Amino acid sequence: MRVTITHVQRATNALELNDIEKKFRKKRGEYSYALKGVSFNVRRGEVVGILGPNGSGKSTLVRVVSTLTLPDAGTVRVFDVDAVANPREVQRYINRVSVEASFFKKLSSLENLIFGAKLYGVSDRESKPRIKAILESIGFDHKRVGEPMEHLSRGMQQKIALARALLTSPMLMLLDEPTTGLDPRSKRDVQRLIRTIKKDHDSSILLCTHDMSEAEELCDRIGILLNGELIALDTPEGLKRQYGKSSLEDVFMEATGTSIDEADFAPEERMAEDEAEALAGKVA
Amino acid sequence: MDVVSTQLQKPGWLRELIAIWGYAQRNYYLSKRYFLWEVVWLVYSTMNALTIGFIGVGVGGDAEEAATLTTFLLIGTLLWSYLSMIFDLLSETVSWERWEGTIEYTFMAPSSRAAQLLGMGVYSVLYGILRMIIMLGAISLFFDMSLGNANYLAALGILAICSVSLVGFGMVAAVMPLLSPEKGQQVTSIFTAVLLLISGIYYSVDVLPGWMQPLANISPVYYALDGIRNALLHGASFSSQWHNVWPLIIMGAIFPPLGLWLFRLGEQYAKKTGLLKRTG
């Protein structure tokens, strides 16, 4: 299928997921479900948050949309383009920021950004002025662009990760716990950047997080993912009404039977996703 | 929508060329940042070549025989240093990205795997040639090499053709870490060891056991070494080495597409099983 700008512009949804299933092999004949029948959409310009404890399937969900993991069943459409059948087309419209900044640690931020842009077909001539403008807008001291990434704080690295994503002007931004592990100030800075992306860059955003206040503040709608199943999806106010609670944390406790803090550290909750994927690696 | 629009309007081949250049440039940046390690590796390889050269001096009979044997060994050492570097760089494509933690970003970018592997191949060939020139300069200070009749042009032609098939061979090996994050890279070391054994790098393949000798026929390094040795030691012309050139051309035509095809299959497998992630 030939994808045109018009085709992309006409799409009403940035992302449509229908009945997504994904399971990983734990050992011979034994599987662990990471996603079970997940269906929802992200409208153009909308920010949808996915709340869930570790191991609930959030990262697998982001990997499926990123074309890094193939679903066992269901369809993924990004701006009406089938992501499984046409991954290269879809990859042009998306970018991602994950919990780990993931850079070549010895390379400078400038070198990493130039490389990242080239993979999207953006030449030096196009990327260099854009890098300068983006770094200025995110408050990154341009004098430090030549320093190796490993010399930068985690907060700084995460800002560069956002800059890398912005550099390719993604129409759908996938944010997988972008503020986890950051100090309060860096967290505020990154959240401010996400608000800027929403306001100024006309991007749709899928934000996976386990930070309730972050979700409530940044998202138009919030879904709750538990053991690979999307058990609720509504506006923050809608969720509170639906569960008869005054705070999102209470909604989460009511929906999942546990608090977000307990859920974060409960070992049995972690199994479905990361551990199962690691086991899949060992099996191979 | 601005950059996306620009990207969509750019022809695909131009986006791919930019990506190929991106991979080659990134490897250049990395070599620059790991400069001291590169120097250590270069010194080690040069010392290794000198050691092997001195074995030739020690074993050889009269001065002419010693020079011929030393040159035979040094050509093998230098070529192995160059060709194994191409192979290693290509085969480390995945494991290197996994180690740095960038694999997911690279594999979700819209550039093709061909661009990734070609970018790695272009850099490894250019960097390998530079290293070989430096090593040759250092070695020539120590030995009186028998290169009076050398046909350098023919040797360079054979080297160029062999580089293409080695890039393809490296692509085939690069799939291993995709299939098994934990053991894949070690398997590629077995590829290298087998090539070293069967290709006649430090000895003629005639000295191998009879059952082992036919294995040399599937190694591009064997044909390259034989052709380059004939060109440098005996001044053989390119056309006289056709028996070495045509197998290299065939391997050069088969291995890169085969490597890409296998890599795509490996990538699909990794995407199905959830192995395409930063940690193994």
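These legends accompany several close-up views of a two-chain predicted model. Because it is a prediction, local features need pLDDT of at least 70 and side-chain atom pairs count only at pLDDT 80 or more, while totals for chains, interfaces and linings use all residues. Residues are numbered from 1 along each chain as its sequence is written, and chains are lettered from A and ligands numbered from 1 in the order in which they are written.

**View 1. Chain B is built from 12 helices and zero strands.** Helices (H or I, at least four residues) and strands (E, at least two) are DSSP runs, numbered from the N terminus. Read from the N terminus, the elements of chain B run α-α-α-α-α-α-α-α-α-α-α-α. Along the principal axes, its C-alpha atoms fill a box of roughly 75 × 40 × 35 Å. Among contacts between residues at least 6 apart in the sequence of chain B, 81% join residues at least 24 apart; a contact means C-beta atoms, placed from the backbone, within 7 Å.

**View 2. Here helix H8 (residues 152-174) of chain B meets helix H12 (residues 242-273) of chain B.** Their axes come within 7 Å and cross at roughly 25 degrees. That angle makes H8(B) roughly parallel to H12(B). For orientation, angles under 35 degrees count as roughly parallel, over 145 as roughly antiparallel, 65 to 115 as roughly perpendicular and the rest as oblique. The axes are lines fitted to C-alpha atoms over the stretch in contact, and angles run from 0 to 180 degrees between N-to-C directions. By class, the contact of H8(B) with H12(B) has 19 nonpolar, five polar and no charged residues. In this grouping Ala, Val, Leu, Ile, Met, Phe, Trp, Tyr, Cys and Pro count as nonpolar, Asp, Glu, Lys and Arg as charged, and the others, Gly among them, as polar.

**View 3. Helix H3 (residues 35-59) of chain B packs with helix H7 (residues 113-140) of chain B.** The angle is about 45 degrees, with the axes 10 Å apart, and H3(B) and H7(B) are therefore oblique to each other. Residues of H3(B) in the contact include B:Leu42, B:Ala49 and B:Gly53, and those of H7(B) include B:Arg131, B:Met135 and B:Ile139. By class, this contact has seven nonpolar, three polar and one charged residues.

**View 4. A:Tyr120 sits in a loop of chain A, between helix H4 (109-118) and helix H5 (124-137).** With 25 C-beta neighbours inside 10 Å, A:Tyr120 counts as buried. A:Gln91 is 29 residues away from A:Tyr120 in sequence, yet 8.7 Å away in space, C-alpha to C-alpha.

**View 5. A:Ser102 has a positive phi, near 55 degrees, in a residue other than glycine.** A:Ser102 lies in the loop between strand S6 (94-97) and H4 of chain A. Its 23 C-beta neighbours inside 10 Å make A:Ser102 buried.

**View 6. A:Ser169 also has a positive phi, near 45 degrees.** The loop that holds A:Ser169 runs between helix H6 (154-167) and strand S7 (172-176) of chain A. A:Ser169 counts as buried, with 22 C-beta neighbours inside 10 Å.

Methods
Contact = placed C-beta atoms within 7 Å. Buried ≥ 20, exposed ≤ 12 C-beta atoms within 10 Å, placed from the backbone.
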